[in-house]
Amino acid sequence: MKKLMTYIGLAILMAFTLAPFLSTLSTSFSTNQDIISGANRFIPTHMTFANFEKAIMGQAALSGFVSSMINSLIVAAVTTFFCLLFGALGAYAFARLNFRFRDSFMLLVLITQMIPGIAILIPIYVIFRQMGLLDTKTSIILAQMAFNLPFIIWIMRSFFFSIPKDLEEAAFIDGLGRFGALFRIILPISTPGLFATGVFAFMNSWNDFLTPLVLTSSQIAKTMPVAINEFLGRFTVDYGLLAAAGFIGIIPPILIILFFQRYLIEGLTAGAVK
């Protein structure tokens with residue numbers, strides 16, 4: 001009986017979790033007439049691929065949807081790379097080096113996560129305007145790095161704490177310096193943690209809407225969430241096109257999670273044990 005109740009609970013949880021995804025998928029294959037009339041269900045009455053054609057080659061493509069997806073991939077990939085690079089270095093310093101006010105600085109890093117992003121976006125906008133970085137992918141990358149780095153440092157610090165110091169001491173005896181031990185011993189062992197935090201950093205960057213909306217004004221650096229938002233017309237809304245664009249937008253994160261699933265689970269488990 002207990003096992004049956006567990007399966008029932010899991011089934012309800014999966015249905016609750018997958019319902020928005022399935023609804024978006026159904027809407028993307030439905031005609032506007034079916035959507036407006038309320039006739040569409042999880043299985044469309046009149047299935048059509050027209051919405052995907054408009055997103056990739058038609059109306060949406062002309063408005064820059066494809067180029068905005070490329071921008072999102074570039075921004076998310078570069079943000080993730082530099083967040084992992086600087087985050088790992090910062091986390092290692094907090095985990096292994098003894099310096100004055102170490103715990104206070106770590107607390108300060110955590111406090112930055114409590115500040116709403118919208119509260120500092122306007123100062124960031126002013127700074128980037130003075131630096132001439134507005135409407136560039138560089139400005140989005142720098143802003144998203146500022147938002148993601150504290151999280152990376154906090155998570156990776158726990159992974160470094162879980163690695164015995166004896167490994168580093170043995171590396172020092174063999175002639176490796178601090179950086180040699182970090183890049184040749186510690187980081188390879190911390191691969192699951194790097195992948196886990198990297199996936200989260202990529203997802204945060206990929207899904208970020210507010211930062212690109214404030215910092216960009218043209219198609220040069222516009223990202224996918226901003227492009228999808230612009231499909232909302234003043235008097236009409238093409239729900240099928242919105243759903244199709246949204247469905248295309250979630251494919252890259254799903255592929256990344258499936259590809260790195262083993263490392264992600266190992267990383268989350270290691271963090272939970274710690």
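A: Happy to! Counting rings of Phe, Tyr and Trp (its six-membered ring) as a pair if their centres lie within 6.5 Å, there are eleven aromatic pairs. In Phe-94 and Phe-99 the ring centres are 5.9 Å apart and the planes meet at 50 degrees, so this pair is tilted; planes under 30 degrees apart would be stacked, and over 60 edge-to-face. Phe-94 is buried, at 10% relative accessible area, while Phe-99 is partly exposed at 34% (buried is under 20%, exposed over 50%, partly exposed in between, with a 1.4 Å probe and protein chains only).

Phe-151 and Phe-200 make an edge-to-face pair, 6.1 Å centre to centre with 75 degrees between the planes. This pair links distant parts of the chain, 49 residues apart: Phe-151 sits in helix α8 (residues 137-161) and Phe-200 in helix α11 (residues 191-207). Helices here are DSSP runs (H or I, at least four residues), numbered from the N terminus. Phe-151 is partly exposed at 26%, as is Phe-200 at 35%.

Elsewhere, Phe-21, Phe-29, Phe-49, Phe-52 and Phe-247 form one aromatic cluster.

Please keep in mind that this is a predicted model, where local features need pLDDT of at least 70, side-chain atom pairs count only at pLDDT 80 or more, and totals for chains, interfaces and linings use all residues. Residues are numbered from 1 along each chain as its sequence is written, and side-chain values use heavy atoms, leaving out hydrogens and water.

Methods:
Helix = DSSP H or I, 4+ residues; strand = E, 2+ residues; numbered from the N terminus.
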